[in-house]
There are 2 protein chains.
Amino acid sequence: MAKLKGKAVIAQSGGPTAVINASACGVIQNCLKHPEVFTGVYGGLNGILGVLKEDLFDLSKEDPVEIDRLRRTPSAALGSCRHKLKSLDKDRTDYERILEVFKAHDIRYFFYIGGNDSMDTADKLARLAREIDYEMVAVGVPKTIDNDLAFTDHCPGYGSVAKFTATSVMEAGLDTAALYTHDTCTAMEIMGRNAGWIAASAGLARRKPQDAPHIILLPEVPFVLEKFVKDVKESLANYKQCFVAVGEGAKTADGKYLGEAGGAFAKDSFGHAQLGGAADTVRAIIEQHVGVKCRVNRAGTSQRVAMHWASKTDVDEAYMAGAAAVKAAMSGKSGMMVTLVRTKVGGKYKCTTGLVELEKVANGEKKVPAEFIDANGTGVTKAFKDYIAPLLQGAAKVDMSPDGLPIYARLAKKMVKKKTGKVYGESK
Amino acid sequence: MAKLKGKAVIAQSGGPTAVINASACGVIQNCLKHPEVFTGVYGGLNGILGVLKEDLFDLSKEDPVEIDRLRRTPSAALGSCRHKLKSLDKDRTDYERILEVFKAHDIRYFFYIGGNDSMDTADKLARLAREIDYEMVAVGVPKTIDNDLAFTDHCPGYGSVAKFTATSVMEAGLDTAALYTHDTCTAMEIMGRNAGWIAASAGLARRKPQDAPHIILLPEVPFVLEKFVKDVKESLANYKQCFVAVGEGAKTADGKYLGEAGGAFAKDSFGHAQLGGAADTVRAIIEQHVGVKCRVNRAGTSQRVAMHWASKTDVDEAYMAGAAAVKAAMSGKSGMMVTLVRTKVGGKYKCTTGLVELEKVANGEKKVPAEFIDANGTGVTKAFKDYIAPLLQGAAKVDMSPDGLPIYARLAKKMVKKKTGKVYGESK
């Protein structure tokens, strides 16, 4: 069978990670190896937005040194977006525009690196293309620090954010342990709006009972004020300190996020409801209901792009997923997402890749299972530690400059001449 | 001259750093090498509080592997405190209590690793000892991430926090650069209540004009709302994004910290004054006066104890300062603090140690000088980059565990039997 020939577009979507560029590097380098299939290799500027706006740039014109450095560069070097397309049966405009751009440039391969929504977009696109008989291949590459994609053992990006988070908790925990006579409690806010995978990773720092974090607040375990206050007091009684790892998605039984529900638990000195994040609410609760000082740490976006402390395993697997996507595409497997498959060889962790239908992934979501959460609901089990340990292994390489800081890739982004003659409206 | 023989007490004070334990290691290992002088080597639990309470532990009974690991362990392993002693002429009680404890245990050497206040305590103690003819030696070892101690070229702890901060800004800056269509601005809060040395270090991340941070807010430059809003708009016009490195000590011309002054600049949706840190105020200003979304990152204590990305130069110098303190003490030099002295050998940075009177240090404070701040007041100069670059060099070693995370030192802290027969009141 003659292989489908045409150009490839690679795009990144959603929140950046330490390794989404490693996946892009895997796709780009492997596409460039096959000019007999991929007649051009383009990047979509800021994800699907770049395709909609016909903002495409030529990756074959980048310095190969910079392309290779993507493997050691955090965030999303092609540009990312949070542009959610409407559902196909409600409004086909955007999907038709994408196919218009693809046709104009003879784009036959679409590699989308992202989470649930991106897989949904790629899936819809592949369906519509089939419907209108435009031959093309859409392959998804999983990416999310949240580790909540179904059908894959874990997600590229998770191992690195987990390694950084657990290390930060360990370090900040030692800070609290040193200064407990003054700063008795610390609340550290950890990303993960829907699932507690990253917050759970903080639990790795607790090798002994006295170690931080003494309490983890997971979205999977409903927050109950009285129970929490009791847990804090118990930690203070046992260890004279309390370090709380606060998942930003922690919520009450009736589904209110801690950040939003702040006012229900604690008022500021003027009687106003507290505003802020989940950790701010925890601080207010501790200061008012327990009566001791509480510090707040919230690394924010820094945690998800902490390439300087990334897991080598994670980086390698992210690259592998990108390479596997190209292989799948060249076999004509459209409408699929690459998965990471955990195996054991000689009792040792090994990771290979598999494929799953995009449609299944788009509608799945994976929470932290009960067997990974301890009986009190505030810690993790040995089963979880066994699951995650292999994902953190090894120090990812970073190129260093004489100024003492990392060198991260810079792409020239030479834009491709537009061909559709139409202008897409500004993004919302 | 016969050397003064007696026990040594080592204590740590104030905010932890990545390398205060490296200094302690330098003191401990070098004291243990000289049993002919140091008849015992004790740690003060939680700084001067431990001395006051007679909570001393025997460092010679620790596993030498753990003592050596202090060099690769963040925070303050001996325990720290924020207990400020009253001035000597107002209330001598605490100083007399300390000398009582020293006499009871034949403690003749006091090594205090800390900032301004600690140097003041050590100084007063040395004075009182002379006054009552108790022969003892007090030596200070500088420690502060804030880099604001006078008479030393720089402070152990600064290089590491600067390296981590600049790297975090670089990484989070790439995050903003990738997602600017959605998250246009980011305000990252950086420690330093009185001086902007750490906030300034963020400026290293900006190698090209489009790189973060586009604006640095330093305590040394008074904050003016209109000017700031103009600078943000200019950054948005030029780069479609704006990353603000917010020194927590940034303040208005009339001396109000940004965190406190929040309400003067922006109200929340209920018309209440914003509460929170300096970066929260910046976010509120950007959202209300510029009208775009702003994220807030605040690593908090994590930044000052980020051993996993510490500077090898900083760690080595911290150890060297500890070793130099022992050498000075053995030469009978009491009432002095070790300083770091910058020299050049063959055009290359070299660091040696010196000594300065504790009294001078206690009353000095070093701000970021004008020649290190750019004309607009929101960036740093080449002179600053030249000053700081050598301090960031090299990757500090960290012991790694099979679980993928660091191994930090654990001290057994075998307590010394109390001898004064008196109990010191609980700390405030």
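1. Contacts of Asn46(B). In this predicted model, Asn46(B) touches residues of both chains: Ala178(A), Tyr180(A) and Thr181(A), together with Gln12(B), Leu78(B), Gly79(B), Ser80(B) and Cys81(B). That list leaves out residues up to four places away in sequence. Asn46(B) sits in a loop of chain B, between strand S2 (38-44) and helix H2 (48-52). Is Asn46(B) buried or exposed? Its relative accessible area is 4%. The cut-off for buried is under 20%, so Asn46(B) counts as buried.

2. The sheet of chain A. Here 7 strands form an open sheet. Their order is S3-S2-S1-S4-S5-S10-S11, and the pairing is mixed. Strand S3 (56-58) and strand S11 (348-357) of chain A stand at the edges. Each has a single partner strand, so one side of each has no neighbour in the sheet. From one strand to the next, the twist averages 30°.

3. One strand pair in detail. In chain A, strand S1 (residues 6-12) and strand S2 (residues 38-44) run parallel. They are joined by 5 bridges. To find the pair in the model, look at Val9(A): its bridge partner in S2(A) is Tyr42(A). In general, strands of a sheet pair through backbone hydrogen bonds, either parallel or antiparallel.

4. Helices on the sheet. Helix H1 (residues 20-32) of chain A packs on this sheet. Helix H1 touches S1, S2, strand S4 (107-114) and strand S5 (137-142) of chain A. The direction of H1 makes about 175° with that of S1(A). Helix H5 (residues 116-131) of chain A packs on the sheet too. Its contacts are with S4, S5 and strand S10 (336-345) of chain A. The direction of H5 makes about 160° with that of S4(A).

5. The largest cavity. The count comes to 2 cavities of 30 Å³ or more. What is the volume of the largest cavity? It is about 70 Å³. By type, the lining residues are 5 nonpolar, 5 polar and 2 charged.

6. The second largest cavity. This one holds about 40 Å³ of space. Its lining consists of Phe164(B), Thr165(B), Ser168(B), Met188(B), Glu189(B), Ile190(B), Ala299(B) and Gln303(B). The lining divides into 4 nonpolar, 3 polar and 1 charged.

7. Cis peptide bonds. Most peptide bonds are trans. The bond from Ala212(A) to Pro213(A) is cis, with omega near -5°. Ala212(B) and Pro213(B) are also joined by a cis peptide bond, with omega about 0°. Pro213(A) lies in the loop between helix H7 (197-201) and strand S7 (215-217) of chain A. Pro213(B) lies in the loop between helix H7 (197-201) and strand S7 (215-217) of chain B.

8. Positive phi values. Most residues other than glycine have a negative phi. Lys413(A) has a positive phi, near 50°. Lys413(A) falls in the segment after helix H14 (382-388) of chain A. Its relative accessibility is 26%, so Lys413(A) counts as partly exposed. Asp106(B) has a positive phi near 55°. Asp106(B) occupies the loop between helix H4 (93-104) and strand S4 (107-114) of chain B. At 31% relative accessibility, Asp106(B) is partly exposed.

Notes
Residues are numbered from 1 along each chain as its sequence is written. Chains are lettered from A and ligands numbered from 1 in the order in which they are written. This is a predicted model: local features need pLDDT of at least 70, side-chain atom pairs count only at pLDDT 80 or more; totals for chains, interfaces and linings use all residues. Side-chain values use heavy atoms; hydrogens and water are left out. On a 1 Å grid over the protein atoms alone, a cavity is a set of points where a 1.4 Å probe fits but cannot get out, and a pocket is an open set with protein on both sides within 12 Å along at least five of seven lines; lining residues have an atom within 4 Å of a point. Grid points are joined across faces, edges and corners, and a volume is the space filled by probe spheres set on the points. Ala, Val, Leu, Ile, Met, Phe, Trp, Tyr, Cys and Pro count as nonpolar, Asp, Glu, Lys and Arg as charged, and the others, Gly among them, as polar. Helices (H or I, at least four residues) and strands (E, at least two) are DSSP runs, numbered from the N terminus. Buried means under 20% relative accessible area, exposed over 50%, partly exposed in between (1.4 Å probe, protein chains only). Contact means heavy atoms within 4.5 Å. Two strands pair if DSSP finds at least two bridges between them. Axes are lines fitted to C-alpha atoms, for helices over the stretch in contact, and angles run from 0 to 180 degrees between N-to-C directions.
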